Amino acid sequence: MKKLIAVTLLTFFVIYITSCSLESDEIVNMPEIIGFQVKKIYKINNNLIANYVDISGNSIFFKLNEGSETWKRILFKTNVSFRQ
């Protein structure tokens with residue numbers, strides 16, 4: 001019984017580690033933008049979308065083109081604050 005539990009846990013661990021490492025090739029080719037940091041990487045269906053954020057809260061979204069293995073900017077969101 002203890003061996004079955006150990007094998008099950010080992011199997012889940014191996015599946016978890018391999019599923020996390022599949023996207024590493026695309027992440028290596030991500031563009032570096034001065035003043036922005038990668039906040040989150042989303043996987044929607046077969047698309048990878050990266051969200052970059054600066055210290056003011058502005059966001060840039062990039063989408064991976066799998067055919068040419070390049071990143072394309074698809075959205076820029078600004079964080080506007082009104083001060084009085």
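I began at Asn58, which counts as buried at 14% relative accessibility, since the cut-off for buried is under 20% relative accessible area. I note at the outset that this is a predicted model, and I keep that in mind for each entry below.

**Entry on Asn58.** I placed Asn58 in the loop between strand 2 and strand 3. I then looked up its contacts and, leaving aside neighbours within four places in sequence, found Phe36, Tyr52, Val53, Phe76, Lys77, Thr78 and Asn79. The side chain of Asn58 reaches the backbone nitrogen of Asn79 at 2.8 Å.

**Entry on Ser59.** I moved on to Ser59, which has its place in strand 3 and is buried, with a relative accessible area of 10%. Not counting residues up to four places away in sequence, Ser59 touches Asn51, Tyr52 and Val53, and also Leu75, Phe76 and Lys77.

I looked at strand 2 and strand 3 in particular, and they pair in the antiparallel sense over five bridges. Across this pairing, Ala50 has Phe62 in strand 3 as its bridge partner.

**Entry on the core.** I next listed the largest nonpolar core, which has nine residues: Met30, Phe36, Leu48, Ala50, Tyr52, Ile60, Phe62, Leu64 and Trp71. The elements giving two or more residues to this core are strand 2 (47-53) and strand 3 (59-65). I set beside this the general remark that nonpolar side chains tend to be buried together in soluble globular proteins. The bridge partners Ala50 and Phe62 are both on the list of core residues.

**Entry on the aromatic pair.** How many aromatic pairs does the structure hold? I found one. The ring centres of Tyr52 and Phe62 are 5.4 Å apart and their planes stand at 75°, so the pair is edge-to-face, the cut-off for that class being over 60 degrees. The pair links distant parts of the chain, with Tyr52 in strand 2 and Phe62 in strand 3, ten residues apart. Both Tyr52 and Phe62 are buried, and both belong to the nonpolar core. I note again that Tyr52 is among the contacts of Asn58 and also among those of Ser59.

**Entry on positive phi.** I finished with the backbone angles in two loops. Asn45, in the loop between strand 1 and strand 2, has a phi near 55°, a positive value in a residue other than glycine. Glu69, in the loop between strand 3 and strand 4, has a positive phi of about 55° although it is not a glycine. Are these residues buried or exposed? Asn45 is exposed, with a relative accessible area of 70%, and Glu69 likewise counts as exposed, at 55% relative accessibility. I set these against Asn58 in the loop between strand 2 and strand 3, which counts as buried.

How values were computed
Residues numbered from 1 in each chain as written. Predicted model: local features only at pLDDT ≥ 70, side-chain atom pairs only at ≥ 80, totals over all residues. Heavy atoms only, no water. Core = buried A, V, L, I, M, F, W, Y, C linked by side-chain atoms within 4.5 Å. Buried < 20%, exposed > 50% of the residue type's maximum accessible area, 1.4 Å probe, protein only. Helix = DSSP H or I, 4+ residues; strand = E, 2+ residues; numbered from the N terminus. Pairing = 2+ DSSP bridges. Contact = heavy atoms within 4.5 Å. Phe/Tyr/Trp six-rings, centres within 6.5 Å; stacked < 30°, edge-to-face > 60°. Polar contact = N/O pair within 3.5 Å; in protein donor to acceptor, adjacent residues only side chain to side chain.
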